[in-house]
Amino acid sequence: MTSSSKLLFESVLLADGWATNVAVEINPNGDFVDAQRLRPKNSTEYQIVAGCIIPGMPNCHSHAHQRGLAGLGEKAGWDTENEHKAIDSFWTWRVAMYHYLERIQPQHLYAIAQQLYLEMLKAGYTHVGEFQYLHHDQKGDAYANKAEMTLQCMQAASDLGIGFTALPVLYRYGGFGGQDALAGQQRFLNNVEPFCEIVHSLFDAARNSEHRNCAVGIAPHSLRAITEPLLNEVIDALPKTQLAAIHMHVAEQIREVDECMAWCGERPLQWLLNRFDVDQQWCLIHATHMNDQETARLAQSGAVAGLCPTTEANLGDGFFNLIDYVNQGGVWAIGSDSHISVSPVEELRWLEYGQRLLHQQRNVMADKQNLNTGMALYCSALAGGRQSSGAKIGSIAAGQRADFIVLDNQHPRLYHRTEQDLMDSWLFSGNENLIQDVYVGGVKVIDHGQHVHQEKIARAFKRAIDELAKS
């Protein structure tokens, strides 16, 4: 943006509920300056935005490269000797994923990420946290710029127009207690100095006006991939006030919990909370397998639980302890992780339906403030997404970045719905995309479901997939 813009929202979801005829001003930096509930007298200065406007959803957890193999992990193994289907799990899927990413080069990652982020925008995600661990070339050697691969994702996000939190991954070991890394993990590995060099390169890039909607955090991959001294050294070496967030996978699989117990006698989340100052800056991804004490401690810490329901279902992870966690004040966000789905509607629906099946109840996530389940889900995910991104997003209010989406309330599925019922009908009545327009930093990046460069982006994605298929 080069100048301020003034918009008049016919119907908009503000922090304190729905409002009509709200005048907003967006400054050249892409932030809301003001939001007035009364129609201004000089309304001719304002561009009217029809439809229902809601804040865009942050996606707290993305592995962009995995979008290229979405759907390719659904063929079961077969035990020819004993004539029965082998038991597939996260760990067997990981072998296939490692084989795929061995071939990806920077230009492939850029093309895959841009196609992915385009799909995110169309679905209503306006910001993404990119948990990027593919750092080195195929031989495990550093690129000339050690941050090359994460920079490719940042560039893809900036060129497309989606908000971005870079989360370069600290990965050094192959198992609990500093075990040697596997052959398939050589592209991930860094010690303290090269990792911090990556982070500082990203700091420099994010300060460039070209990347004005970008922030930088860090992501210690998991307890399997780091040690206590390594993580302490990295945290001490980096300016904590400049870090948007600290993300980490934890307790995703029962095997992970068992191996952690065998190693140190503590469960993963227990070990982490006993040794690090886990606070609101942290986002713990999955946290699927927590006992009651861990659930309470995570909720009390103020950290975000980063939930990825479609991936967790796809990989057979299990159910997050959501009801107890929320009842104790726990904060959560959603992410699309392996990108077998790229839809906040599907993530939120899966989250609610999973809990319904688990507890044999309906409207599990409705609360006193929002008796409508769709509204309760969306508002909670916005709050957690804002916290986990380290960005001023998730609310249509002064000082927040102007990220919002326009729902087509004339579509048959949303037509004649009251404002309170609108979110329920959007989230729980089908799979057709009902998003008309998407704005990031006050710029319309999706116009009537289309991006100006989407055909070019699709062609580049297909070329990348063709090259990967031949390599």
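Over which ring does the charged end of R172 sit? The ring belongs to Y173, with the charged end of R172 5.2 Å from its centre. Keep in mind that this is a predicted model.

On to rings meeting rings. The structure holds 13 aromatic pairs. One of them joins Y133 and F188 edge-to-face, at 4.8 Å centre to centre and 70° between the planes. This pair links distant parts of the chain, 55 residues apart: Y133 is in the loop between β8 and α3, and F188 in the loop between β9 and α4. Y133 counts as buried because its relative accessibility is 3%, and F188 counts as buried at 0%. Then there's F404 with Y439, a stacked pair with 4.4 Å between centres and 15° between the planes. F404 lies in strand β16 and Y439 in strand β17, so this pair ties together parts that are 35 residues apart in sequence. F404 is buried at 0% relative accessibility, and Y439 is buried too, at 6%.

Aromatics also gather in one cluster made of F176, W263, W271, F276 and W282.

Finally, the largest pocket: its volume is about 570 Å³. Its lining has 27 residues, with Q369, N370, M375, C379 and S380 nearest the centre. Helix α12 supplies the largest share, seven residues, while β1, β2 and α10 each give at least two. By type, the lining divides into 16 nonpolar, eight polar and three charged residues.

Notes: Residues numbered from 1 in each chain as written. Predicted model: local features only at pLDDT ≥ 70, side-chain atom pairs only at ≥ 80, totals over all residues. Heavy atoms only, no water. 1 Å grid on protein atoms, 1.4 Å probe; cavity = no way out; pocket = protein on both sides within 12 Å on 5 of 7 lines; lining within 4 Å. Points joined across faces, edges and corners; volume = space filled by probe spheres on them. Helix = DSSP H or I, 4+ residues; strand = E, 2+ residues; numbered from the N terminus. Nonpolar A, V, L, I, M, F, W, Y, C, P; charged D, E, K, R; others polar. Phe/Tyr/Trp six-rings, centres within 6.5 Å; stacked < 30°, edge-to-face > 60°. Buried < 20%, exposed > 50% of the residue type's maximum accessible area, 1.4 Å probe, protein only. Lys NZ or Arg CZ within 6 Å of the ring centre and 35° of its normal.
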